[in-house]
Amino acid sequence: MKILVVEDEIKLAEAIKRALELHKYVVDVVYDGEKGLDLVIGEKYDLIILDSMLPKMDGIEICKEIRKAGIGTPLLMLTARGQIDDKVNGLDAGADDYMVKPFSFEELFARIRALVRRPEKTNDTLLKIKDLSLDPISFQVKRSDKTIYLSTREFSLLEYLMKNKNKILSKEQIVNNVWSYDADILFSTVEVHIKHLRDKIEAPFPDKDPVIKTVHGFGYTIEEN
Ligand code: CA
């Protein structure tokens, strides 16, 4: 799951990023509204966390632009205490939920879980392919009822492959969806992470079929059948 945080209070933005990364989310952070809108249009996110007061372009305006562009990504607006108008305007502009600063991270995660579990967003509940399952909410990965421990990146990589089962994903698509927009990632890095993933989800199960299929010179896929 990839989340964009648009917040000009750098300390708060960094704290949110660290907390989200501990929960195995891939996080992009930007500090002004224009850059935020650019990323929403150019990248693909599962959730946007957007401050209402931002330099260059405020959160309400960004929210309207996003919805006008037909982008339905769940959006959580952050507002400063006392700015009641911001809440109302934010929801009117197409935000799905809002939170008043300061907030606890428990509250933040509760809201994120509620937003990404919403029924119109499919595939956000348990992902299952044959005997392999991945729960994006509890971060549990199991194969044949055996729990598998993955690093944050391995988890994101497997989640992306499972969400897009039966599709052949290029290494470029994988980089764009599993790493931050500003990370300088070589395709060989993707190969290394795929290998680590295979060491954990395939190697311990020698009697079972491999899970990840390599499409030579292009990318990878997980096939359901
Ligand atoms: Ca602000």
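**Close-up views of helix packing and strand pairing**

**View 1. Packing of helices α6 and α7.** Helix α6 (residues 152-163) packs against helix α7 (residues 171-178) at an angle of about 120°, the axes lying 10 Å apart. Axes are lines fitted to C-alpha atoms, for helices over the stretch in contact, and angles run from 0 to 180 degrees between N-to-C directions. The model is predicted: local features need pLDDT of at least 70, side-chain atom pairs count only at pLDDT 80 or more, and totals for chains, interfaces and linings use all residues. Residues are numbered from 1 along each chain as its sequence is written, and side-chain values use heavy atoms, leaving out hydrogens and water. Helices (H or I, at least four residues) and strands (E, at least two) are DSSP runs, numbered from the N terminus. In α6, R153, S156, L157, Y160 and L161 meet Q173, I174, N177 and V178 of α7 (contact: heavy atoms within 4.5 Å).

View 2. Five of the five residues of strand β4 (residues 75-79) are buried (under 20% relative accessible area, 1.4 Å probe, protein chains only). L75, M77 and T79 cover one side, and L76 and L78 the other. Strand β3 (residues 47-51) pairs with β4 in the parallel sense over four bridges, pairing requiring at least two DSSP bridges between two strands. I49 has L76 as its bridge partner in β4.

**View 3. The sheet β6-β7-β8-β9.** Four strands form an open sheet in this order, with antiparallel pairing. β6 (127-129) and β9 (146-148) each have a single partner strand, so one side of each lacks a neighbour in the sheet. β6 and strand β7 (residues 132-134) pair over three bridges, and K128 stands opposite S133 in β7.

Technical notes:
Buried < 20%, exposed > 50% of the residue type's maximum accessible area, 1.4 Å probe, protein only.
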